[in-house]
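Q: Hi! Could you walk me through this one?

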Amino acid sequence: MTTTTIIGLEVHVQLLTNSKIFCGCSSAFNPHQPNVQTCPVCLGLPGSLPVMNRRAFELAVKTALALNCDIAPFTKWDRKQYYYPDLPKGYQISQYDLPFSDDGALEIEVGGEGGGTRKIGIIRAHLEEDAGKNVHDETGRGTDSQVDLNRAGTPLLEIVSQPDLRSPQEAKRYLEELKLLLTYLNVSDCNMQEGSLRCDANVNLHIHQDDGHKVATPIVEIKNLNSFRNVELAIEFEVKRQYEEWEKTGKKMGEVAKETRGWDAARGKTVPQRGKEEASDYRYFPDPDLVPVTVSAELLDSIRATLCEFPADRRERFKGTYGLSDYDARVTVDQGQAFADYFEEVAGLCGDGKQACNWVTQDVLREMNERNLSIGEFPIRAAVLGNLLERIAKKQITIKSAREVFLELLAENPSRRPISSAHIDQIIAEKGLALVTDTGELEGVIAEVVGKNPKAVADFKAGKQAAVGALIGQVMKAVKGADPQTVRTMLVEKLGNP
Amino acid sequence: MSILGATAGELVKRLDRGDVTSIDVTTAYLEAIAAADGKVNAFLHVNRDKALEQARAIDEKRRRGQCVGALGGLPVAIKDVICTQGEPTTCGSRMLERFVPPYDAHVISRLREADAVLIGRTNMDEFAMGSSTENSAYKTTSNPWDLTRTPGGSSGGSAAAVAACMAPLALGSDTGGSIRQPAGFCGVVGMKPTYGRVSRYGLVAYASSLDQIGPFANDVGGAALLLETIAGHDHRDSTSVAAAVPEYSRTVEEPLTGLRIGIAKEHFVSGLDQQVEAAIRNALEVYRSLGAEIKEVSLPHSKYAVAVYYIVAPSEASSNLARYDGVHYGHRAAHFDNMIDMYCASRAEGFGAEVKRRIMLGTYALSAGYYDAYYLKALKVRRLIRNDFDAAFREVDVIASPVAPTPAFKIGELVNDPLAMYLSDIYTISANLAGLPGISIPAGFSQTNLPIGLQLLAPPFEEERLLRAARMFERETDWHRRRPASAPG
Amino acid sequence: MAAQLTPADVLKVAKLARLKLSDAEVGDYTAKLGGILAYVDSLGEVNTDEIEPMVHAVELSNVFRTDEATPSLPREAALSNAPKTDGQFFLVPQILDAE
């Protein structure tokens, strides 16, 4: 008997607009000053009316295009009706039967190196307004809950995937890829702590019995997933729980109502959560206060023109243009657009993509993490690092010396802020790291070393190739910055081929 | 010449000439309210000091030679459904007994810019749901022509205030006839503009796709003046139309030549009071004498208008009124078990019977399993009703009809028979469903001295045509000059 | 079109509409709403095949506002009509899971 895990994800993303979706209040995250970003419209005061934010609509369409969705030529706004204190109008303005986009896909990489890609279908993406926030009394004394409407009316894009994901890891991978795409598009900051990216998961199992029958377990919706790690953990837990439940009760899909469970991160388990409105009847109907939108070819073209290169395309290009491996391309691109831009600038300046990648994904990333800096805050700008690596390519310094320079640039030294390429010259001079390829200067030293080491010379002449290493070492010790390749060539020439 | 009962146009002229001041005019109307409103009960709230303060400021402006707005110190009464910053806006409901909006409706801003004096808030059926103003949580307004009868509704307070000379102008809102029917019952001019002509921003919603704010006046010119003041595009209302607004108050005096008036055979059927029918036929003769051509048209789906309306309006209302849950504003019950119970108890206490009835009806029509049969079906028939009008207006310029099947009915007469009450809107509802402009003008009196109204409808955005056609009739008749015995002055 | 409206239907709708009804009201609504619905059933006679529903009285499209932040209300104004606040938040009875 084998089982297949069936997962579909519903992701809510706050769009990066200046103002709310239907009014001019700021949509900035502001939990510390409750109820200061409200007006008659987002308070749902009697008599107020919504007007659609053009930018919110355009960002939504931009995202849907990047997700390969079909954009509906005609779309409208519907009221989804339920009662909750964070929903001041008693309905949420959303989209029901005619969402602005549907039928898209997001390609994700699965497995390790060479593991291939999978297309995860997108059922639909639609635009709606966010609710406010309820702050519950956690003391158990039954005191009042608090309602803050700063968030009410923030533009929210809901992206619903097909149940195409087959493991908790794939679900996490899908979310990572989606987040990367959204940040590349600059449509959302995807900050899960601040709630600008939220995720619910629909999970069930297909149990393939030995007699060839397939049984589907009831679908469970898991809410309250506030990190990618928790998505993974919650689904892992749910897979086990559903299998055990099936063994115990034998209940199949359709035999019980769809259940909503919440993820309790502290206890590491999903717990039953009764819905906001049991057996909900949302009584959707077209919002008479808002008018429909027709999307023309011109509008689509103008939005399409704002699309950047997508992460998946960029990875492919990095592999082709810079000769990066799958792994390196992923690490470089998945760190975000600014990081990949940094890499590209360094690679362009030094002319060696692999060298640039090694430095950026190892040295730079390590120092960023240690110092808890973003790439935008990293003190060595791409132009400076490019300049440093260019010197390796031009054989002006060794890789080892370059690392020394790199660390010295990062060292506390107020006179070297901001760091410029001139500082590289300074450090090379101070430390005598310049690569010596001047044969005149080296000839005397080589003659001296050969004279002092008859044993090594004899060994070499007797055919022990390795003996030359010791001689190179001595020359290098005497001349700091001597280019090892030049030294080797000169030594071999002097001693004559064995 | 008396201030009370003068037309808005006359008063504006006298104010402009300096014959009277806004203080004079405002004081006269405040005194009229003090004298007559104890019997009529048209007003819910009169802020005497604030009104006089506005009047004084406008007089001061005039004295300094500053530019004064088109209403130049004229009092305007406001239906208590239009938000006014810092003034209670109750919608005739317990639910909003203590609600004070922190903002002005678009039309209120327009009135302030035009230097109107906001003289008071008028009574109405709760949340504009009703045809008699009996559904107010606060008081029952009487018809100034017969205090035992209703002024119509839901804008009964505004209609009665103008009829009883307690305000020269008033604003109402019309969702199924709520301006035109009380105008007809009270013998004043009332107009529902084309949907989208006047911004709904700040109008507390009953049925969003039908609601429209409009003017009451004691003559067509006054309605033209007030409409001109409030009409025009507002970016805060997505359904507001960006079309140029003609100078109605100037063009209203120009008669129309070759006017083609349609009468729908479906409008002259059983249920129509004979005296009302006679008044309408007389009115048509007046038009004929002015050179108009009377043509029969057909509106085959008009008999479904009431049924369509009583699905569409309650459905939208059930949603629009969901916000009154005792959380962010409005009434909250004193006693409840938990949050859901707080919602249910607050709403049960805050809403009156008719409002609850319509919320129930609308909730049912939108609920799973009934949406297609009721709501969607009604929206399809709604389009057929509109199509009928489009076809008719290819043949005629305006359509004439009664405003209501009978003159004003008795207070209490229909209050326990909602369906019969709904059917009193039979002539007015179609215009809301189709989005058309309509006007009600005085066209006669019953044998018991109750006013009878004539309704004219026109194609969308043809308010100018409507006003000119109405004025042609008014010029030939004196129905609009009659004042009820209960009126002061 | 519709089956006879029952008191159970009325109670179900009242729950959806968040209205607490007395027994007398349940009876009254069952009768009066039933009567109105019976009247509305006349719409069933009309052939509406191929007819688009008419949601708006004036059929506009593509009405947008520019994405500009404008001043919000001061908090005191936002809370001024609330039945219960703590000066910062709207207050509601404790929200239970079941709600």
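Here is a chat about the core and some backbone features.

A: Happy to! This is a predicted model, where local features need pLDDT of at least 70, side-chain atom pairs count only at pLDDT 80 or more, and totals for chains, interfaces and linings use all residues. Residues are numbered from 1 along each chain as its sequence is written, with chains lettered from A and ligands numbered from 1 in the order in which they are written.

Q: Which residues touch the most other members of the largest nonpolar core?
A: Those are A60(A), A201(A), V76(B) and V308(B), in a core of 269 residues. Such a core is a set of buried Ala, Val, Leu, Ile, Met, Phe, Trp, Tyr and Cys residues joined through C-beta atoms within 7 Å. Buried is 20 or more other C-beta atoms within 10 Å of a residue's own, exposed is 12 or fewer, and partly exposed is in between, with C-beta atoms placed from the backbone.

Q: What is V308(B) in contact with, leaving aside neighbours within four places in sequence?
A: A378(B), V381(B), R382(B), I385(B), L433(B) and L43(C). Contact here is C-beta atoms, placed from the backbone, within 7 Å.

Q: New topic: which residues does a cis peptide bond join?
A: One joins R417(A) and P418(A), with omega about -5 degrees. Another joins G153(B) and S154(B), with omega about 10 degrees.

Q: What about phi of C190(A) and C165(B)?
A: C190(A) is not a glycine, yet has a positive phi of about 50 degrees. Phi of C165(B), also a residue other than glycine, is positive, near 60 degrees.

Q: And is C165(B) buried or exposed?
A: C165(B) counts as buried because it has 26 C-beta neighbours inside 10 Å. C190(A) has 19, so it counts as partly exposed.

Conventions
Two residues are in contact if their C-beta atoms, placed from the backbone, lie within 7 Å.
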